[in-house]
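Please read the following account alongside the model.

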Amino acid sequence: MKHQFVIIGGGIHGCAAAWMLADAGEDVLLLEAGETASGASGGFGRRGVRGNRRDLRELPLMRAAYRLWPTLSERLGADTGYERTGGLNLIEQEATGTKGGLVAAQAHADVQNRNGVPTEVLTRDRVLALEPAVGAEVRGALYCPFDGTADHGAATAAFAAAARARGAAVEEYSPVTGVEVAGGRATAVTTPDGRRYEIGQALLILNNTAAPDLLREHFGVSLPVWRILPQALRVVPQSGPPMRHLIGHDHRSLSLKPLPDGGVMVSGGWRGRWNAELDRGETVEANVHGNLRAAAEVYADLSDAELDLADAARPESCSADEIPVIDRVPGTANALVGTGWTGHGFAIAPAVAEALAFWARTGARPESLAPFSATRF
Ligand SMILES: Cc1cc2nc3c(=O)[nH]c(=O)nc-3n(C[C@H](O)[C@H](O)[C@H](O)COP(=O)(O)OP(=O)(O)OC[C@H]3O[C@@H](n4cnc5c(N)ncnc54)[C@H](O)[C@@H]3O)c2cc1C
């Protein structure tokens, strides 16, 4: 069998790229090892769609993502759960490290505004008008009215279904174990059950934490990218979510998202660990408690919320300079890779897919992807 575009990985990035290509009339095959959205793009809760305090090199992609997210449900014909709730990055300290605190707020707002992420510096009074239940220590915030959340599982499923509806083949339980490379081109991929798919135009390697090993094994390319296990908790406060917006924090490891069913997703930089016997990630009790404590210190109403879910089983790829690698695989003419999302790859996925589809079809790298080269290290 031959397809013009072959995609490895059925998370948000692979499914969005499949849709972008199929929507442009291209012949697409996506191969997913398990089920779509079974990796970092699945699980409970919501993902933040956030420009606030994002690495500056990602802001052009975020500006494109702000443009794409609001109409996606309509274009895909299925609900992505996207809501433009607005987002606050809460500030408690005068100065934190070299990058945070009240002293840095206006500078961050200015640079975000200049790069298409509308941002306001709020005093405590104005924070209270938006977030009445916030703790006494909060002295201000960076507010981004365009920030919000989406349902990652639903969004990934919506992309996959829309890609299929436009004629793409999306094959689940089809792990790619072989990649044939000849004359500097990826020519075919193979699966353990003996299937072989020839590649007409381009191969897109979008299998997140598995991409570095695949690149090493089949292309002899090594990336400074590794696996982390982000921790996510679901708590049920007695009187519903005390916050109304997507909440991040200037110096605490804390992210809070009100959920439509009255729960709150608590996360923000806490990690699980790998259990080699079970071959999966698991939570670390001290980190669960640390995350809950941080949440209750900012929103006292969360101190007696019931913990009903703790998960650290969804591996994510992390890069040495905390922004992704999105590039042509060095030494090849037609293989593109996206990995190393470093815990914030969901929000920009539609914009990355749009840019990658353009690159794969035309051979010209969009300017927005220039910072993410595989050789920058
Ligand atoms: C708990 C948690 C919270 C997060 N919060 C946010 C947030 O608030 N905002 C945000 O922007 N981002 C967030 N992220 C990060 C974001 O979810 C990820 O960056 C994004 O989902 C990565 O998508 P992906 O498609 O690259 O990877 P994945 O969803 O992991 O998909 C990769 C797929 O490739 C498949 N695969 C692997 N090897 C092969 C193979 N050989 N052949 C075929 N298929 C293969 C896997 O089965 C998997 O389904 C969070 C992540 C986690 C885990």
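Predicted model: local features only at pLDDT ≥ 70, side-chain atom pairs only at ≥ 80, totals over all residues.

Residues are numbered from 1 along each chain as its sequence is written, and side-chain values use heavy atoms, with hydrogens and water left out.

An open sheet of mixed pairing is formed by 8 strands, in the order S5-S6-S4-S14-S15-S16-S13-S19. Helices (H or I, at least four residues) and strands (E, at least two) are DSSP runs numbered from the N terminus, and two strands pair if DSSP finds at least two bridges between them. Strand S5 (120–123) and strand S19 (306–311) each have a single partner strand, so one side of each lacks a neighbour in the sheet. Within the sheet, strands S13 (residues 232–236) and S16 (residues 264–267) run antiparallel and are joined by 3 bridges; Val235 has Val264 as its bridge partner in S16.

Helix H7 (residues 285–298) packs on this sheet, touching S4, S13, S14, S15, S16 and S19, where contact means heavy atoms within 4.5 Å. Helix H3 (residues 102–114) lies across S4, S5 and S6.

Which residues come nearest to the ligand? They are Glu32, Ser41, Gly48, Glu316 and Ala347, out of the 33 residues around the ligand, a residue being near if one of its heavy atoms lies within 4 Å. The side chain of Glu32 has an N or O atom 2.7 Å from a ligand oxygen atom. For the side chain of Asn208 the corresponding distance is 3.0 Å, and a backbone N or O atom of Ala347 lies 2.8 Å from an oxygen atom of the ligand.

Definitions and conventions:
Axes fitted to C-alpha atoms, helices over the stretch in contact; angles between N-to-C directions. Polar contact = N/O pair within 3.5 Å; in protein donor to acceptor, adjacent residues only side chain to side chain.
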